[in-house]
Amino acid sequence: MTNEQLAQRLRDHDMRPTKQRLAIAAHLFDGTDKHVSAESVYTTLKQAGIHLSIGTVYNSLRHFADAGLLRAVPGLGDHLTYDTNIGAHHHLLDVDTGEIIDIPALSQPVTSADLPQGYELEAVEITYKVKRTS
Ligand SMILES: [Zn+2]
């Protein structure tokens with residue numbers, strides 16, 4: 001995605017395309033679905049020579065999520081992860097590492113057969129997101 005396409009995507013979601021937001025958006029929307037934290041985005045940008053404050057990264061990710069460009073995913077403890085894949089899918093949470101792994105949305109409960117090789121089911125916790133209709 002070009003810088004202008006990224007800027008347009010932000011404007012389409014009522015976000016002003018500031019230089020900082022564009023730098024973050026270029027990392028988030030590089031064509032690969034990813035789960036990120038403020039810390040991981042901060043570190044990745046820093047390694048690429050882009051220096052933003054951690055507070056700016058936190059606030060920007062929250063704005064992206066509020067605007068519907070990212071999905072907030074609860075992780076271990078109060079650790080918040082953001083998902084660039086906003087389509088329907090389920091998550092596996094590795095309870096040892098905190099890693100979040102995508103699996104396709106299934107209409108049936110997940111069984112051991114649905115897990116990637118090398119994993120066993122530790123626990124299931126399903127949150128159905130709903131809205132009041134009136
Ligand atoms: Zn995901």
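Q: How do the axes of α3 and α4 cross, and how close do they come?
A: This is a predicted model, where local features need pLDDT of at least 70, side-chain atom pairs count only at pLDDT 80 or more, and totals for chains, interfaces and linings use all residues. In it, the axes of α3 and α4 come within 9 Å and cross at roughly 125°. Axes are lines fitted to C-alpha atoms, for helices over the stretch in contact, and angles run from 0 to 180 degrees between N-to-C directions.

Q: What do you call that orientation of α3 and α4?
A: Oblique, therefore, for α3 and α4. The cut-offs are under 35 degrees for roughly parallel, over 145 for roughly antiparallel, 65 to 115 for roughly perpendicular, and oblique for the rest.

Q: Which residues meet there?
A: From α3, A38, V41 and Y42 meet I54, V57, Y58 and L61 of α4. By class, that contact has 7 nonpolar, no polar and no charged residues. Contact means C-beta atoms, placed from the backbone, within 7 Å. Nonpolar covers Ala, Val, Leu, Ile, Met, Phe, Trp, Tyr, Cys and Pro; Asp, Glu, Lys and Arg are charged, and the others, Gly among them, polar. Residues are numbered from 1 along each chain as its sequence is written.

Q: OK, what about α2, which residues are buried?
A: R21, A23, I24, A25 and L28 are the buried ones in α2, residues 19–28. Buried means 20 or more other C-beta atoms within 10 Å of a residue's own, exposed 12 or fewer, partly exposed in between, with C-beta atoms placed from the backbone.

Q: And what covers them?
A: The cover on the buried residues of α2 includes α1 (3–12), β1, α3 (38–47) and α4 (54–66).

Q: Switching to strands: in what order do they sit in the open sheet?
A: It's β1-β3-β2, 3 strands with antiparallel pairing. β1 (35–36) and β2 (71–74) are at the edges with a single partner strand each, so one side of each has no neighbour in the sheet. Pairing takes at least two bridges found by DSSP. Helices (H or I, at least four residues) and strands (E, at least two) are DSSP runs, numbered from the N terminus.

Q: How many bridges join β2 to β3?
A: 4, and β3 is residues 80–83. A72 sits opposite Y82 of β3.

Q: Last one: why does T97 count as exposed?
A: Because T97 has 8 C-beta neighbours inside 10 Å. T97 is in the loop between β4 (89–93) and β5 (100–104).

Conventions. Two residues are in contact if their C-beta atoms, placed from the backbone, lie within 7 Å.
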